[in-house]
Amino acid sequence: MSKNVLVTGAARGIGKGIALRLAADGHDVAVNDIAANAGELETVAKEIRDAGRRTATITADVSDPAAVTGMVERTVESLGSLDVMVANAGIAQVLPLLEVTPEDWDRMLAVNARGVFLCYQAAARQMIAQGNGGKIIGAASIVAHRPFALLGHYSASKWAVRGLTQAAAMEWAQHGITVNAYCPGIVGTAMWDLIDEKLAESEGLRKGQAIEKYSNLIHLGRVSVPEDVAAYVSYLASPDSDYMTGQSVMIDGGIQFA
Ligand SMILES: NC(=O)C1=CN([C@@H]2O[C@H](COP(=O)(O)OP(=O)(O)OC[C@H]3O[C@@H](n4cnc5c(N)ncnc54)[C@H](O)[C@@H]3O)[C@@H](O)[C@H]2O)C=CC1
Ligand SMILES: CC(=O)C(C)=O
């Protein structure tokens, strides 16, 4: 059955992969990103329309409470309801904990933890008002289960998503809302280009060598692509996952084992 979906951070990378997969599954998909990526967001929206589905492009910063409320309102105005929220937007920074400033910490938590919280809360309010339940899905990471050194404050933000996902699942089950998170490993997106560059600098490696080194951890033998994660989110958005809630599942080619 076709649902109305909102995906944040959908201009590129994993968010784009999720938006296109959910459109291919037959859903109508509103897409969000920051204003600086409005052009790329329009390209994603065109691909959704070309797939025969309805869409809306909504530029908003997910760390801003008023912007997140407005984003959910725009989705409902454009598509008619909000049935699935995918709080995917996130940022990364590679830095030893001894060098992380309070400003670095606040920015990381503002986008990756507060942003996900605001999206979960605004979506749940809308879904409760609609009275038909819903699916709330968030971006965590394998580092929500075991941190990577030099990604300390990023890892903390993802542990926050995992805890929030459990609490939200407890509170909103009575409304028929399930809340789950996906935990990718090493996905070859702009985020890992940045991580590779910064890890290479700090470890005296050349560009491309850090991702190669970390990829040796992947038992299935290849770096992930956004479609790997999108396939799992497709399941979380579908009725097949109706009896699953509060979980943060690793989809990492076998780096970590719960
Ligand atoms: N690439 C990877 O290996 C992994 C990624 N993840 C998580 O998956 C999610 C997506 O990651 P990627 O696609 O790799 O990253 P990416 O950097 O390629 O894309 C992230 C998107 O989020 C948007 N964004 C950033 N801050 C925003 C804000 N305040 N408001 C709205 N949009 C904002 C960016 O503009 C960008 O389009 C993130 O939450 C990330 O932490 C988790 C595990 C591994
Ligand atoms: C970016 C990220 O979460 C990892 C594990 O690489």
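**Note on the predicted model: ligand shell, sheet and helix packing**

1. By class, seven nonpolar and two polar residues form the shell around ligand 2, with no charged residue among them. The structure is a predicted model. The residues surrounding ligand 2 are Ala92, Ser141, Ile142, Val143, Phe148, Gly185, Ile186, Met191 and Ile195.

2. Seven strands make up an open sheet with parallel pairing, in the order β3-β2-β1-β4-β5-β6-β7. Its edge strands, β3 (55-59) and β7 (248-251), each pair on one side only. From one strand to the next, the twist averages 20 degrees.

3. Within this sheet, strand β1 (residues 4-7) pairs with strand β2 (residues 28-33) in the parallel sense, over four bridges. Leu6 has Ala30 of β2 as its bridge partner. Strands of a sheet may pair either parallel or antiparallel, in each case through backbone hydrogen bonds.

4. Helix α2 (residues 38-50) lies across β2 and β3, and runs at about 170 degrees to β3.

5. Helix α3 (residues 65-79) packs with helix α4 (residues 102-130) at an angle of about 40 degrees, and their axes are 9 Å apart. The two helices, α3 and α4, are therefore oblique to each other. Their crossing is right-handed.

6. On the α3 side, the contact with α4 is made by Pro65, Val68, Thr69, Val72 and Val76. On the α4 side, Leu118, Cys119, Ala122, Ala123 and Gln126 take part. By class, this contact of α3 with α4 has eight nonpolar and two polar residues, and no charged ones.

Notes
Residues numbered from 1 in each chain as written. Chains lettered and ligands numbered in written order. Predicted model: local features only at pLDDT ≥ 70, side-chain atom pairs only at ≥ 80, totals over all residues. Near = placed C-beta within 6 Å. Nonpolar A, V, L, I, M, F, W, Y, C, P; charged D, E, K, R; others polar. Axes fitted to C-alpha atoms, helices over the stretch in contact; angles between N-to-C directions. Parallel < 35°, antiparallel > 145°, perpendicular 65-115°, else oblique. Left-handed = near helix turned anticlockwise from the far one by under 90°. Contact = placed C-beta atoms within 7 Å. Pairing = 2+ DSSP bridges.
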